[in-house]
Amino acid sequence: MQIEIAGEGVDKQDKGTAKALTGARKYLLRLLFCIPTGDDIEREATVAQSNAQSANLSPFVSGLLDQIEELQRNGVKNASAAAATLLKCSTLSDDEIRETQSKLIEWVNAQSKGGDDA
């Protein structure tokens, strides 16, 4: 079996390449053998979304979460991570969310319109 996977390592000394290879190998083995890492972003987002339904969210945040939920149902990559990110800042005001999460909001809107940006 031959598998190719990307790796990236940053080190001020000469260990960047070794770190990249080690990180890529570990990631590959986790994926290949379905080894849980305990940091399941999709599960966290699903739990957070279900908890958010009982929270008092603004119509703006609720609308974004509805869009993200639709993206998740359609299998859009990174939709769960977007939900988790949005929920982490859901206690901020709508204006603060618009300011701090503008790229996320643009991505959600683009994906909802059928965009293919990652």
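Colleague: What does the protein chain hold in helices and strands?
Modeller: This is a predicted model. From the N terminus on, its elements run α-α-α-α-α-α. The count for the protein chain is 6 helices and 0 strands.

Colleague: What share of the protein chain's residues count as buried?
Modeller: Buried means under 20% relative accessible area. The protein chain has 118 residues, and the share that passes this cut-off is 26%.

Colleague: For contacts with a separation of 6 or more, what share comes from residues 24 or more positions apart?
Modeller: Contact here means heavy atoms within 4.5 Å. Among contacts in the protein chain with a separation of 6 or more, residues 24 or more positions apart account for 49%.

Colleague: How are helix 3 and helix 4 oriented to each other?
Modeller: Helix 3 spans residues 59-73. Helix 4 covers residues 79-88, and the two pack at an angle of about 160°, with axes 9 Å apart. Angles over 145 degrees count as roughly antiparallel. Helix 3 and helix 4 are therefore roughly antiparallel.

Colleague: Which residues of helix 4 meet helix 3, and what is the handedness of the crossing?
Modeller: The crossing of helix 3 and helix 4 is left-handed. From helix 3 come Val61, Leu64, Leu65, Ile68, Leu71 and Gln72. Their partners in helix 4 are Ala79, Ser80, Ala82, Ala83, Leu86 and Leu87.

Colleague: How does that contact divide by class?
Modeller: Helix 3 brings Leu64 and Leu65, among others, and helix 4 brings residues including Leu86 and Leu87. By class, the contact of helix 3 with helix 4 has 10 nonpolar, 2 polar and no charged residues.

Colleague: How does helix 3 lie relative to helix 6?
Modeller: Helix 6 runs over residues 102-112. Helix 3 packs on helix 6 at an angle of about 50°, with the axes 10 Å apart. That angle makes helix 3, relative to helix 6, oblique.

Colleague: What classes of residue form the contact of helix 3 with helix 6?
Modeller: The crossing of helix 3 and helix 6 is left-handed. Phe60, Leu64, Gln67, Ile68 and Leu71 in helix 3 face Ile105, Trp107, Val108, Asn109, Gln111 and Ser112 in helix 6. The contact of helix 3 with helix 6 divides into 7 nonpolar, 4 polar and no charged residues.

Colleague: How many salt bridges does a search of the whole structure find?
Modeller: Arginine 73 pairs with glutamate 69 and with glutamate 70. Arginine 98 pairs with aspartate 95. For the whole structure, the number of salt bridges found is 3.

Colleague: Where do arginine 98 and aspartate 95 lie, and how far apart are their closest N and O atoms?
Modeller: Both residues sit in helix 5, residues 94-100, at 3 residues apart, about one turn of the helix. Arginine 98 is partly exposed at 40%, while aspartate 95 is exposed at 56%. The closest N and O atoms of the pair are separated by 3.4 Å.

Colleague: Which residues do shared partners join into one network?
Modeller: The N to O distance is 3.1 Å from arginine 73 to glutamate 69, and 2.6 Å from arginine 73 to glutamate 70. Helix 3 holds arginine 73 and glutamate 69 4 residues apart, with glutamate 70 at 3 residues from arginine 73. The salt bridges that share partners join Glu69, Glu70 and Arg73.

Colleague: Which residues beyond four places in sequence is lysine 19 in contact with?
Modeller: Lysine 19 belongs to helix 1, residues 16-32. Lysine 19 is partly exposed, at 45% relative accessible area. Leaving aside neighbours within four places, lysine 19 is in contact with Gly9, Val10 and Asp11.

Colleague: What separates the C-alpha atoms of lysine 19 and glycine 7?
Modeller: The two residues are 12 residues apart along the chain. Between their C-alpha atoms, the separation is 8.4 Å.

Conventions. Residues numbered from 1 in each chain as written. Predicted model: local features only at pLDDT ≥ 70, side-chain atom pairs only at ≥ 80, totals over all residues. Heavy atoms only, no water. Salt bridge = Lys/Arg side-chain N within 4 Å of Asp/Glu carboxyl O. Buried < 20%, exposed > 50% of the residue type's maximum accessible area, 1.4 Å probe, protein only. Axes fitted to C-alpha atoms, helices over the stretch in contact; angles between N-to-C directions. Parallel < 35°, antiparallel > 145°, perpendicular 65-115°, else oblique. Left-handed = near helix turned anticlockwise from the far one by under 90°. Nonpolar A, V, L, I, M, F, W, Y, C, P; charged D, E, K, R; others polar.
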